[in-house]
Amino acid sequence: MVAYLDHSATTRCFERVQEIVRKTMDDAYGNPSSMHKKGMEAETIVRGAAQTIAKTLKATEKEIIFTSGGTESNNLALIGAAMAHRRAGNRLITTQIEHPSVSNTMKYLQEQGFEVIWLPVSRDGIVSTDALQEAVNDATVLVSVMHVNNEIGSIQPLAEAAKIIHEKNPNTLFHVDAVQSYGKMRIRPKKLGIDLLSASGHKIHGPKGIGFLYRREKIRLQPILFGGGQQAGLRSGTHNVPGIAGLGEAAAEAYENQEDKTVRLRECKERLLERTAQIEGIVINSPIGDDGAPHIVNLSIPGIRSEVMLHALEEHGIYVSAGSACASNHPEPSRTLQAIGLEPALVESALRFSFSSSTNLQEIDYAAEKLAELVPKLRRYVRH
């Protein structure tokens, strides 16, 4: 049996997405910027996908900018907003548990002369709203807060954060990295007070190499790519039409009966928590309840390094992550797990299990069964 429980790293494309990508490559191969019939066919597909995505956000087609994925969306939002509004101030605010595509971009902006404030989080990975209240001032240009943390699944209080930000400084922009929440949770940027929002296709059973940035109408951004001036000059480059078509279909499917899918994700999470609670010494690092996303469980097995357990599970056809997939090839300890105050032994032994609408309870039971078998065996091996 195969139990793929690494959906926060990437997902398998829906069958319908694969079909649409192939069909677009075969039939709508024109350049959307061309004025002839083939170009207009491609442009129609791009506009249709933008409309579909906008509908899921209660936004407008013009507020969707297609990118190569979550990393580019985050870079465009942060660098584009900071540079476009530099005359208004030089303070940027983020949290200590952001994805590297945000934290490393913030470090770059710090090198360009911006002041960056790194907000602390609680043991459950929730940002301190008191610290946010104190940090926002007249010089604050942008605040960036991840919606769902990619390692432990903590859910940030976006509406409360937006209220604090805009009451303290109405000109401050609020960016949300929604790569781990878009397609799994209902998000209404205007209602929540979000100005910029990033999402990625391959996290929602869409193609890799495609994503989007929601930009509230009239928000100014300085482009970070220069060329032919596509997408209102904000993101030059020929549109990835097959990828965009696939992303639009994936978004539509993700939000079809979305409430039922969330219930199933919760069932998978609760089943894994119930089964692993019977294994001696396991520590749950993810928040349980409303502060935790339904599709992510991070746990530690003290005494067994995460890489050892990951490969032991892999031999049984079970696929999980040792922290964030984007950082798994690097030996540095997880910044998120350190920020929530975990001791080194728990950081070094952490595993992430993540689910999608395609995950079933049989996979969960199989993974928990093998975990229960492997833990005592590996602990005996480590002791000797």
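Trainee: Which turn-scale separation do Lys38 and Glu41 have in helix α2?
Mentor: Lys38 and Glu41 are three residues apart in helix α2, which means that about one helical turn separates them. Helices here are DSSP runs of H or I with at least four residues, strands are E runs of at least two, and both are numbered from the N terminus. This is a predicted model, in which local features need pLDDT of at least 70 and side-chain atom pairs count only at pLDDT 80 or more, while totals for chains, interfaces and linings use all residues. Residues are numbered from 1 along each chain as its sequence is written, and side-chain values use heavy atoms, with hydrogens and water left out.

Trainee: What do Lys38 and Glu41 form, and how far apart are the closest N and O atoms?
Mentor: They form a salt bridge, with the closest N and O atoms 3.2 Å apart; the rule asks for a side-chain nitrogen of Lys or Arg within 4 Å of a carboxyl oxygen of Asp or Glu.

Trainee: And how many salt bridges does that rule give?
Mentor: The count comes to 17 salt bridges.

Trainee: Switching to sheets, what is the strand order in the open sheet of seven strands?
Mentor: The order is β2-β8-β7-β6-β5-β3-β4, with mixed pairing, where two strands pair if DSSP finds at least two bridges between them. Strands β2 (64–67) and β4 (115–119) stand at the edges with a single partner strand each, so one side of each has no neighbour in the sheet. The twist from one strand to the next averages 20°.

Trainee: How many bridges join β2 to β8?
Mentor: Four bridges join β2 to β8 (residues 211–215), and the two run antiparallel; Phe66, for instance, has Phe212 in β8 as its bridge partner.

Trainee: Which strands does helix α3 lie across?
Mentor: Helix α3 (residues 70–84) lies across β2, β3 (91–95), β5 (140–146), β6 (173–177), β7 (196–200) and β8, and runs at about 160° to β7. Such angles run from 0 to 180 degrees between N-to-C directions, using axes fitted to C-alpha atoms, for helices over the stretch in contact, and contact means heavy atoms within 4.5 Å. Helix α4 (residues 100–111) also packs on the sheet, where it touches β3, β4, β5 and β6, and its direction makes about 150° with that of β4.

Trainee: What about the open sheet of three strands, which pairing does it have?
Mentor: Its pairing is antiparallel, in the order β9-β10-β12. Strand β10 (residues 296–300) pairs with β12 over five bridges, and Ile296 has Ser354 in β12 as its bridge partner. Helix α9 (residues 258–276) packs on this sheet, touching β9, β10 and β12, and its direction makes about 15° with that of β10.
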